[in-house]
Amino acid sequence: MWPTPFSLTGTHVALAPLDHAHASDLAEASADGDLHRLWYTMIPAPAEVPAEIDRRLSLQSAGSMLPFAILNPEGKAVGMTTYMNIDASNRRLEIGSTWYRTSVQRGPMNTECKLLLLQHAFETLDCIAVEFRTHYVNVQSRRAIERLGAKLDGVLRNHMVMANGTLRDTAVYSILPHEWPAVKANLTWQLERPRTTS
């Protein structure tokens, strides 16, 4: 298996291999802001969290995903993320299927989470590319990916059928190894700069 499960810890966030022990926290996180009601995302409803954990762990067993629980500094699970669409032979993967409870959004957690996952991908796994994908209409997600420093590769039209039957156009972004030092410097700066509360 590539990559093998691992944990990462930062100042604002920690990543732990996803486990059913996180189910209660994640159900509470999904209920915070009724995130599952966003039609253009695939966030589980609170009652569906155990099945979503099963799904992600099944994909891990198949070698195509490495799922994580996103933990706050107190160790409470506040969201999920993954390495997915893993292509071990070409050392490529996607960071995706990420969501956070509403009350921790727009803070430093996502920035540090992406920094930790990208650093591991490029500096430990020696990836030749790391992708990010999102629904074309999810402007908030697209802007967040662009703020990371990822470049738009293109749009896969009619790429997926959503739960409500609509067709998803998928915006595909990537970061390459020669771009990583600048991306890392920018993410580090974002975490270190003073934040305003307004």
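Let me begin with the largest nonpolar core: of its 35 residues, Tyr83, Leu118, Val130 and Phe132 touch the most other members. By such a core I mean a set of buried Ala, Val, Leu, Ile, Met, Phe, Trp, Tyr and Cys residues joined through side-chain atoms within 4.5 Å. Buried stands for under 20% relative accessible area, exposed for over 50%, and partly exposed for what lies in between, with a 1.4 Å probe and protein chains only.

The model is a predicted one: local features need pLDDT of at least 70, side-chain atom pairs count only at pLDDT 80 or more, and totals for chains, interfaces and linings use all residues. Residues are numbered from 1 along each chain as its sequence is written, and side-chain values use heavy atoms, with hydrogens and water left out.

Helices (H or I, at least four residues) and strands (E, at least two) are DSSP runs, numbered from the N terminus. The most is given by helix 3, with eight residues. A second, separate core has 16 residues, among them Ala23, Ala27, Val49 and Met80. As for Val130, leaving aside residues up to four places away in sequence, its contacts (heavy atoms within 4.5 Å) include Leu93, Ile95, Leu118, Phe122 and Tyr173.

I turn now to the aromatic residues. The whole structure holds four aromatic pairs. Rings of Phe, Tyr and Trp (its six-membered ring) pair if their centres lie within 6.5 Å; planes under 30 degrees apart are stacked, over 60 edge-to-face, and the rest tilted. One of the pairs is Phe68 with Tyr83, edge-to-face at 5.9 Å centre to centre and 90° between the planes. Because Phe68 lies in strand 3 (residues 65-71) and Tyr83 in strand 4 (residues 77-87), this pair ties together parts 15 residues apart in sequence. Both Phe68 and Tyr83 are buried. The ring centres of Phe122 and Trp180 are 5.6 Å apart with planes at 25°, so this pair is stacked. It links distant parts of the chain, with Phe122 in helix 3 (residues 109-124) and Trp180 in helix 5 (residues 180-192), 58 residues apart. Phe122 and Trp180 are likewise buried. Phe6, Phe68 and Tyr83 make up one aromatic cluster.

Next, the largest pocket. Its space amounts to about 1,600 Å³.

Finally, some backbone details. The peptide bond from Trp2 to Pro3 is cis, with omega near -10°, and Pro3 sits in the segment before strand 1 (8-9). Asn85, although not a glycine, has a positive phi of about 45°; this residue lies in strand 4. Arg106, also not a glycine, has a positive phi near 70° and is found in the loop between strand 5 and helix 3. Arg106 counts as exposed because its relative accessibility is 76%.

Key. On a 1 Å grid over the protein atoms alone, a cavity is a set of points where a 1.4 Å probe fits but cannot get out, and a pocket is an open set with protein on both sides within 12 Å along at least five of seven lines; lining residues have an atom within 4 Å of a point. Grid points are joined across faces, edges and corners, and a volume is the space filled by probe spheres set on the points.
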